[in-house]
Amino acid sequence: MRRVIFVLLVLCAFVGCKKKDSVLKPHGSFTYDEISYGVNSVRIDHVAYSVNDDYVLKFTAFPSGMTVSQTLHSGHGTYIELFLEASDNELRPGGEYTKMAKDSISRLVSVSENGDTAWMVNISSARVCVSAVENDFTQYDFTLTDEVGKNISGSFVGKPVLNYSVDQPAFGELRFDTMECYLTKPSLYKWNALFVETVNYYEMKFCSTDARFNDNGKLTDGIMFVIGFHSVNSDLPVSGTYKVSTAAEDMTLYFGQKVGNANWGTYWIVYSSGSQKGKANILSGTLNLNTFTNGEIDVSFNMIDQLKNSVEGYFDGPYR
């Protein structure tokens, strides 16, 4: 009897898990001319700037039978290619996007199994609403109108592919050895009490404005500069002067180092064609943290790397 109960419990747990997994899968569809089309993936590419310096984003919603990269389409099915203007290089949750790029053709395209275009209609107006949902997924609800007034309505829930093929805005500068570049909006990672129990570790990853990435988010070309802050503050590091240190102490920058296959601390790396072409750890120097708020950082730094290069620069702008 106990064995039967055990088996039933295992089966129930298995069924419950299977049901949960199905809910978390990406899914979507749209309807046009009373026909429904599946959406398996969404990608958003920053492809240009408008005359008003807004970001021009290419929003592509496509089925499982297609593969879409920054420049190529392969496979067959019906897909949406929509060019929108936005204030950032992605469509953010909470946003509603209705402004279409004038210099690009937004369209609905159907590709046959032999790779030929079966039919195509131009899109004259659009409304895309973005919201955050469970499992770190994003939901895109869209209502479009074609050139003769027919509606295209649909939605997608999942994780989009985000990428860009143009340089990003500059908010700072970095100089070391013979290299000089501008820095774009960095990413902040909060690791909490990572190296010691009493001090929090914050990692800020900067990239050059000309950096390029693959669709998995890995840097393929450009410069990455990483700063590792230690602070007892559990929100964000406080303003002041931070000295590079080998100890995980309050108001210090952690020195560059490699632990196993992972890089930690403060360092720079140069990438070209997907390969690392140069790297150096920062071993000494100081950083002046003028401002660090929820969304903005203002720093200047003068440090020395393991190759005896001076590593100098500043950043004053937003981060994500």
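Predicted model: local features only at pLDDT ≥ 70, side-chain atom pairs only at ≥ 80, totals over all residues.
Local features need pLDDT of at least 70 and side-chain atom pairs count only at pLDDT 80 or more, while totals for chains, interfaces and linings use all residues. Residues are numbered from 1 along each chain as its sequence is written, and side-chain values use heavy atoms, with hydrogens and water left out.

**View 1. The chain and its secondary structure.** The chain holds 1 helix and 27 strands; helices (H or I, at least four residues) and strands (E, at least two) are DSSP runs, numbered from the N terminus. Its C-alpha trace spans about 75 × 65 × 35 Å along the principal axes.

View 2. Of the 320 residues, 43% are buried, that is, under 20% relative accessible area with a 1.4 Å probe, protein chains only. Contacts are heavy atoms within 4.5 Å. Of those between residues at least 6 apart in sequence, 52% join residues at least 24 apart.

**View 3. Asn281 in its strand.** Asn281 lies in strand β25, which covers residues 275-292. Asn281 counts as buried because its relative accessibility is 12%.

**View 4. The surroundings of Asn281.** The side chains of Asn281 and Lys279 are joined by a polar contact of 2.8 Å. Such a contact is a pair of N or O atoms within 3.5 Å; within protein, one must be able to donate a hydrogen and the other to accept it, and residues adjacent in sequence count only if both atoms are side-chain atoms. Leaving aside residues up to four places away in sequence, Asn281 touches Gly256, Gln257, Thr266, Tyr267, Asp305 and Gln306.

Notes
Buried < 20%, exposed > 50% of the residue type's maximum accessible area, 1.4 Å probe, protein only.
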